[in-house]
Amino acid sequence: MSEQKDTVGVIGVGWVGLVTAACFAELGHPVIARDILQEKVDALSKGDVAIHEPGLDDLIRRNAERLTFTTDMDELLGGARLLFVCVDTPPTYSGDADLSRVRAVVQELPEDSDHVLIMKSTVPAGTGESIRRDMPGLSYVSCPEFLKEGTAVKDFMNPDRVVVGADAGDEGAAAAVESLYRPLGGEILRTDVASAEMIKLASNAFLATKISFINEIANVCEEVGADVGQVAKGMGLDERIGTSFLRAGIGYGGSCFPKDVSALKMLAGNTGYHFQLLTAVIEVNELQKRRVVGKLEKHLGSLIGKRVALLGLAFKPDTDDMREASSLVLAARLQGEGAEVVAYDPVASERAAELLGSVEMATSATEALEGADAAVLVTEWGEFAELDWAAAAGRMNRALIVDGRNFLDPKALTEAGFEYEGIGQTVSSPRPAAAS
Ligand SMILES: NC(=O)c1ccc[n+]([C@@H]2O[C@H](COP(=O)([O-])OP(=O)(O)OC[C@H]3O[C@@H](n4cnc5c(N)ncnc54)[C@H](O)[C@@H]3O)[C@@H](O)[C@H]2O)c1
């Protein structure tokens, strides 16, 4: 007879909650997932997954019998003791994390709750301590999530590490969480709650810092005639540095890095500590997107009336998430300069259209490029590497491309007839010959 597995409760079925629910169901656990949006719950109950996340639909379909979606908190509390909190923690106007949804969840718990609240939402250090102070009977574990959109299912099922933070008195709850994750392999790191909360914020802030660092190196490369790709490769071969997150481009976006970097900076500021490095990381990232405008002007002069095609709108490939996508800033800047903006994304166009009302949406890359004075590659979708660029050059008014992700092959693009501008590359502006 197969062993009966613990029922897992999930609160908030967005990117993190839905992946958490589907993956624990795949591991054989009955899962009750609760969201406040009736429409979302109805759709999920019918197997309709509204987000684009590779492998997720399959997982949900395959495990439909083990997955229950509901809006009813009592159904969740009655059915599951282990409750993963996966609600959103967006930034407030002050740049701090907005904990109102987390607080709303806590307020719905009975005062004598014997549940284990497992915090997956990214929260500032100190959040767990304050929840425990308010609800002394509750067991509390911090278990931050490190999945990446686009590879979320794979990341969840093959974690680099699982962080389980618990304070004195909650050792049993921590052990229960550890045993849920043990079948996945990966190192399980036991810490106190505040350290677990800091690990998540510090990890995202460090990755964002790496991106802003290589982007500044790219900008210097452009001035001195060096190639940032070769520089990054040479740096990355040093095992103390590593190759990941050293690809220069037009900056980071998405639902996590911008808000988490800001939340950590503000968390430090609220304690009286000025986190200078993160202030620079944020500013570099803001300015990096805007450099595209200068690159276009270098070739086209004024952008007034120029038709610019944006290729890719999602904040990164393999997702339709538009939160803090670089394309939003770029489209606004280009329109601000008087350009006419047309855009295409393989999966995010529908979500993007809601945010980019005045941008013309094309149904293919070829359609977007038709008659354009320039193209900007914003998101490195695989299909853009496969495009017939020579044919595209023939359809454009001017075959100029700014490759905002250093994704395309500059030599191939130049041979296809393009004027090519990357980030931190010297393809279109070769080093001047030494004076004789
Ligand atoms: N998206 C990522 O890649 C990622 C990765 C790691 C960590 N995180 C963190 O995980 C958390 C969730 O992120 P997300 O991207 O999944 O958010 P999301 O916005 O996609 O989903 C949040 C869900 O919570 C629901 N919700 C809000 N209040 C609720 C309540 N009281 N009860 C039940 N449901 C409620 C919302 O309706 C929504 O469906 C955030 O703190 C985020 O920083 C996100």
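These are my notebook entries on a predicted model of one protein chain.

**Entry 1: the whole chain**

I began with the secondary structure. I find 18 helices and 14 strands in the protein chain. Next I looked up the radius of gyration, which is 24 Å. The globule rule gives 22 Å for 436 residues, so the chain is as compact as a globular protein of that length. I then took the box along the principal axes. The C-alpha atoms fill roughly 80 × 45 × 40 Å.

Burial came next. Of the 436 residues, 52% are buried. Among contacts with a separation of 6 or more, 72% join residues 24 or more positions apart.

The accessible area comes to about 19600 Å². Carbon and sulfur atoms hold 51% of that area. For charge, I have 41 positive and 66 negative side chains. The centres of the two sets lie 4 Å apart.

**Entry 2: helix α1**

I went to α1, residues 15–26.

I then asked how many of the twelve residues are buried. Ten are, so α1 is largely enclosed by the rest of the structure. My list of the buried ones reads W15, G17, L18, V19, T20, A21, A22, C23, F24 and A25. I also looked past the end of the helix. G28 follows α1 and has a positive phi, near 100°.

**Entry 3: helix α11**

I repeated the exercise on α11, residues 257–270. This helix has 14 residues. From first C-alpha to last it reaches 20 Å, close to the 20 Å expected at 1.5 Å a residue.

Ten of the 14 residues are buried, so α11 is largely enclosed by the rest of the structure. They include the run from F257 through P258, K259, D260 and V261. S262, A263, L264, L267 and A268 are also on the buried list. I noted two charged-type residues there, K259 and D260.

What do the buried residues of α11 pack against? I find α9 (193–224) and α12. Just after α11, G272 takes a positive phi of about 100°.

Is N285 buried or exposed? Its relative accessible area is 3%; the cut-off for buried is under 20%, so N285 is buried. I listed its contacts, leaving out residues up to four places away in sequence. N285 touches S212, G251 and Y252.

E324 has a phi of about 55°. N406 has a phi of about 45°.

Where do they sit? E324 is in the loop between β9 (307–311) and α13 (326–336). N406 is in the loop between β13 (400–403) and α18 (410–415).

I checked the accessibility of each. E324 has 46% relative accessibility and counts as partly exposed. N406 has a relative accessible area of 15% and is buried.

**Entry 4: M361 in β11**

I found M361 in strand β11, residues 360–361. At 24% relative accessibility, M361 counts as partly exposed. Which residues does M361 touch, not counting those up to four places away in sequence? I get L313, A343, S349, A352, A353, L356 and E367.

I also took one C-alpha distance from M361. A309 is 52 residues away along the chain. The C-alpha atoms of M361 and A309 are separated by 9.7 Å.

**Entry 5: D74 in α4**

My last stop was D74, in helix α4 (residues 73–79). Is D74 buried or exposed? Its relative accessible area is 61%, and exposed means over 50%, so D74 is exposed.

D74 and F418 are 344 residues apart along the chain. Their C-alpha atoms are separated by 61 Å.

Key: Residues numbered from 1 in each chain as written. Predicted model: local features only at pLDDT ≥ 70, side-chain atom pairs only at ≥ 80, totals over all residues. Heavy atoms only, no water. Helix = DSSP H or I, 4+ residues; strand = E, 2+ residues; numbered from the N terminus. Rg over C-alpha atoms; globule rule 2.2 N^0.38 Å. Buried < 20%, exposed > 50% of the residue type's maximum accessible area, 1.4 Å probe, protein only. Contact = heavy atoms within 4.5 Å. Areas by Shrake-Rupley, 256 points an atom, 1.4 Å probe, with all protein chains shown as cover. Charge placed at Lys NZ, Arg CZ, Asp CG, Glu CD. Expected span 1.5 Å × (residues − 1).
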